[in-house]
Amino acid sequence: LYWEADAPGEASREISYQALHLHVCQLANTLKRHGISKGDRVMIYMPMIPEAVFAMLACARIGAIHSVVFAGFSPDALAGRIADCGAKMVITADAGRRGGKPVPLKDNVDEALRQDGTGVVEKVLVVRHVGNDVHWQPGRDLDYAEEQAQSDSHCPAEAMNAEDPLFILYTSGSTGRPKGVLHPTGGYLVYASMTHQYVFDCKDEDIYWCTADPGWVTGTAYGMLAPWTVGVTQLIYE
């Protein structure tokens with residue numbers, strides 16, 4: 001995985017498959033330490049950074065159901081989706097960057113969690129990405145780096161049935177209340193992997209870039225899940 005930052009001149013990151021595996025297993029163990037298990041819902045509200053990849057794959061590894069909300073959506077939109085799916089945890093960042101402008105993700109999460117129906121959230125895991133000051137609620141908010149440092153990098157994958165839920169992705173809500181579409185594990189991964197292999201026809205020497213955000217199904221299928229199943233080297237851009 002190659003990650004390119006939004007800020008010109010900022011160091012990029014290169015992550016091997018082995019390093020990706022270790023990051024994912026560590027995060028999976030972090031989630032388990034904080035009570036997340038098979039069938040629990042985890043809301044992911046993050047910028048396009050490698051930790052967003054780790055979060056999706058860590059949920060899948062332990063059978064938790066992830067739901068990605070586009071980081072450009074409002075606190076109201078986030079709150080409605082949290083309440084609808086009954087998320088126990090939110091994974092976010094202090095802030096994101098888009099076109100050089102900061103996006104106050106943690107502040108948005110705090111505002112969302114003051115709304116009705118969001119009391120189901122027990123923990124908020126925060127990546128210190130931009131380094132800005134954010135409100136911190138003791139007992140609820142967790143520092144990503146500190147939590148990862150306490151987690152083992154070995155986490156066996158949960159055995160899943162083909163029809164077990166993998167993720168929930170919400171419609172935009174532009175024509176009414178957002179609707180959560182539930183995608184199962186086996187059917188979704190097989191189809192996404194097969195179509196990625198045959199349609200995109202990536203070769204071993206290729207570098208692949210899916211420009212879609214994982215808040216949309218294209219970004220989930222062809223930017224976050226399928227490429228890893230066929231061994232693709234890919235790029236994500238903040």
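1. A pocket, on a 1 Å grid over the protein atoms alone, is an open set of points with protein on both sides within 12 Å along at least five of seven lines. A cavity is a set of points where a 1.4 Å probe fits but cannot get out. Lining residues have an atom within 4 Å of a point. Grid points are joined across faces, edges and corners, and a volume is the space filled by probe spheres set on the points.

2. This is a predicted model: local features need pLDDT of at least 70, side-chain atom pairs count only at pLDDT 80 or more, and totals for chains, interfaces and linings use all residues. Residues are numbered from 1 along each chain as its sequence is written, and side-chain values use heavy atoms, with hydrogens and water left out.

3. The largest pocket has a volume of about 400 Å³. Its lining counts 19 residues, and Leu57, Ala60, Arg61, Leu189 and Leu225 lie nearest the centre. By class, 13 are nonpolar, four polar and two charged. Here Ala, Val, Leu, Ile, Met, Phe, Trp, Tyr, Cys and Pro count as nonpolar, Asp, Glu, Lys and Arg as charged, and the others, Gly among them, as polar.

4. Which elements each supply at least two residues of that lining? They are helix H1 (17–33), helix H2 (50–62), strand E10 (165–170), helix H6 (185–200) and H7. H1 gives the largest share, four residues. Helices (H or I, at least four residues) and strands (E, at least two) are DSSP runs, numbered from the N terminus.

5. Threonine 220 sits in helix H7 (residues 217–229). Threonine 220 is buried, at a relative accessible area of 1%; buried means under 20% (1.4 Å probe, protein chains only). Leaving out residues up to four places away in sequence, threonine 220 touches Met56, Phe167, Tyr188, Pro214 and Leu225. Contact means heavy atoms within 4.5 Å.

6. The second largest pocket has a volume of about 180 Å³. Its lining includes Asp6, Arg98, Trp209, Asp213 and Glu238. The classes are five nonpolar, one polar and four charged.

7. Three cavities of 30 Å³ or more turn up in the whole structure. Strand E6 (residues 96–98) gives the most to its lining, with three residues. Five lining residues are nonpolar, one is polar and three are charged.

8. The second largest cavity has a volume of about 50 Å³. Among its lining residues are Met56, Phe70, Asp213 and Pro214. That lining has 11 nonpolar, no polar and one charged residue.

Methods: Buried means under 20% relative accessible area, exposed over 50%, partly exposed in between (1.4 Å probe, protein chains only).
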